[in-house]
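This report is meant for a reader new to the structure shown below. Please look through the sequence and the model before reading on.

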Amino acid sequence: MQINQSLYNQRRRKNAAIMAFSGVASVIGLAVLVWILFVLFSNGFYALDWEIFTQDTPAPGTPGGGLRNAIVGSLIMVGCAVLISTPIGVLAGIYLAEFGDANKTASVTRFVNEVMLSAPSVVLGLFVFAVVVMTMGNFSGYAGMIALSLIAIPVVIKTTENMMRMIPGSLREAAFALGAPHWKVATMVVMTPACCWRWRASAARPRHCSLPRSTTSSSPSTWTARWPTCRSGSTTWP
Amino acid sequence: MSTPIQAHDLGHPHVLAIAKRQRLHDALFYRVSQAFAVLVLMALIGIIATLFINAWPAFREFGFAFIWTAEWDVVNEQFGALMAIIGTLATSAIAMIIGVPLAFGIALFLTETCPVWLRRPLGTAVELLAAIPSIIYGMFGLFVFAPLFADYFQIPVQELMAGMPIVGAIFGGVPNGLGILAAGIILSFMVLPYMAAVTRDVFEVVPQILRESAYGLGATTTEVVRHVVMPYAFKGVVGAVMLGLGRALGETMAVTFVIGNAHRIPETINAPGVSITSALANEFAESFGMHMHTLFALGFLLFILTFVVLALARLLILHVEEGKGSKGY
């Protein structure tokens, strides 16, 4: 059998070069990860002690103290944001998945959701500042909560819709054939396995989960709640 | 109930009552879920309207020239958005130039060449990188990356290129580790894992049998990826790049730490600059009056920018799908 040796070698060289590049790219990506984690732990580890969790931040220049106010503030704010965003996001996601085929409202909502998903968090922070902080007159935990919910809602909607669409149609049809009403099919037949999948997916892949995204978004919450810098947190917290 | 209801007895009043109640429940369920979907719609309209109303005084004062005026004078209240727009576009462009090939390479490695036992741990590590909060990238950039970048990249490169006519000018500037290029590199670190993870997912969806057929015809791995995987996964790859670009355009904290925050047009890529997001993060809390309206106008422009990027991605995908003649493969 005759093969074009030079063409064959050329193809193999090109392949080897591109594969080598992809290997190098992976090494660079992982090196950055290891580097960042190393810097974080080597600098942050010795500063960790119980006082971080048990004491409030003192006035600047005073030794000692911890970050209790910031940690508690973050937890409360994220908890409330999850409480606000989950029902809204899940119900809107159900609408898109269950009633959203060939439906004008649904297709517009889907597009709007894409826009919200890609909206920079600063812009959402500006909106909450204008609506909540300017009308209430001061920074507050409410404003931070609303800002974080606004970030989380589009993520919840998109994940809910995608997961519900992954449920096989035969399951749905079987439930309808037994005479189940639509709301029961949606909440009990489609949502239950979708929830399991979603939980697994979000546990395995942090970017699908809205929680990390809302906990780590610093820009909207620093303006709207001013929690990290706010020593008198209890006065602004309702 | 007195008599058991037979399956065929659909006219039984009890059955009719159940059916009626269920129809009511369904209608209610439909309306409630629709109301929440519409709520999201209203939220977006509210966001756009609020931003525009608050930005309106600035637009009225400066007109369309606001977009291409390079002036930022807080004392005399003369503002233009050009410097911030340039900073945002330049850092995002650098992030994309570095990040897209790297993300593509990582996805390629994870799906095609990596040994199977290593795929999961490596993939998880990339996703872990995606979960690091952006403010940590900023702190890392400022305290760790910037000094090293100045000593081992900016100064040697400047010495190397000092005599050259054009590249020398591009890499000029004070080598203090902060500036447009440093911000772009930190941004590329930040958007890299998002793009890599999504691209990897999209590559994995390509049916294995298509790959095997191509290998069976004698194609090299590169050719399989180029002619089989890429056409199949094109839509998802565009989505991944757009996700990264959207993140890069809207990123606040990571950029603010390293861009240098100087209101001037950067003459070189090592010069400090300002981006829309860093201007907002630095100045918004202390602003009032026209200054604040201008910052709202900047936010509005950023929103429009990300919207345009999203719309362009949609158009690109539609265009390619049309070129294929049909949506099925």
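The sections below describe the chains, their contacts and a few selected residues.

## Basis of the model

This is a predicted model, in which local features need pLDDT of at least 70 and side-chain atom pairs count only at pLDDT 80 or more, whereas totals for chains, interfaces and linings use all residues. Residues are numbered from 1 along each chain as its sequence is written, and chains are lettered from A and ligands numbered from 1 in the order in which they are written.

## Chain A

The secondary structure of chain A consists of 11 helices and 0 strands; helices (H or I, at least four residues) and strands (E, at least two) are DSSP runs, numbered from the N terminus. Chain A has 238 residues, of which 38% are buried. A residue counts as buried if 20 or more other C-beta atoms lie within 10 Å of its own, as exposed if 12 or fewer do, and as partly exposed in between, with C-beta atoms placed from the backbone.

Of the contacts in chain A between residues at least 6 apart in sequence, 70% join residues at least 24 apart. Two residues are in contact if their C-beta atoms, placed from the backbone, lie within 7 Å. One residue of this chain, A:I167, is located in the loop between α6 (141–165) and α7 (169–177) of chain A. A:I167 is partly exposed because it has 17 other C-beta atoms within 10 Å.

## Domains and the first helix of chain B

Chain B is divided into domain 1 (13–60) and domain 2 (69–323), with bounds that come from an automatic or database domain assignment. The C-alpha centres of domain 1 and domain 2 of chain B are 36 Å apart. To the contact, domain 1 of chain B gives 7 residues and domain 2 of chain B gives 9 residues. On the side of domain 1 that touches domain 2 in chain B, there are 6 nonpolar residues, 1 polar residue and no charged residues. In this classification Ala, Val, Leu, Ile, Met, Phe, Trp, Tyr, Cys and Pro count as nonpolar, Asp, Glu, Lys and Arg as charged, and the others, Gly among them, as polar.

Helix α1 (residues 13–62) of chain B has 50 residues and reaches 72 Å from its first C-alpha to its last, close to the 74 Å expected at 1.5 Å a residue. The expected span is 1.5 Å times one less than the number of residues in the helix. In α1(B), a kink of about 45° lies at B:A55, shortly before the proline B:P57; the bend at a residue is the angle between axes fitted to the seven residues ending there and the seven starting there. Just after α1(B), B:G63 has a positive phi of about 65°.

## The interface between the chains

In chain B, 66 residues are in contact with 59 residues of chain A. Elements that give two or more residues to this side of chain B include α1, α6 (180–205) and α11 (289–323) of chain B. The most is given by α1(B), with 20 residues. By class, the side of chain B that touches chain A has 46 nonpolar, 18 polar and 2 charged residues.

A kink of about 35° lies at B:V191 in α6(B), shortly before the proline B:P193. Because 23 of its 26 residues are buried, α6(B) is largely enclosed by the rest of the structure.

The largest nonpolar core has 138 residues, of which B:I186, B:M195 and B:L298 touch the most other members. Such a core is a set of buried Ala, Val, Leu, Ile, Met, Phe, Trp, Tyr and Cys residues joined through C-beta atoms within 7 Å. The largest share of this core, 18 residues, comes from α6(B). Leaving aside neighbours within four places in sequence, B:M195 is in contact with residues including B:G99, B:A240 and B:G244.

## Two loop residues of chain B

B:G177 is found in the loop between α5 (166–170) and α6 of chain B. B:G177 is buried because 23 other C-beta atoms lie within 10 Å.

B:E77 lies in the loop between β1 (72–73) and β2 (78–79) of chain B. B:E77 is partly exposed, as 13 other C-beta atoms are within 10 Å. Not counting residues up to four places away in sequence, B:E77 touches B:M290 and B:H291.
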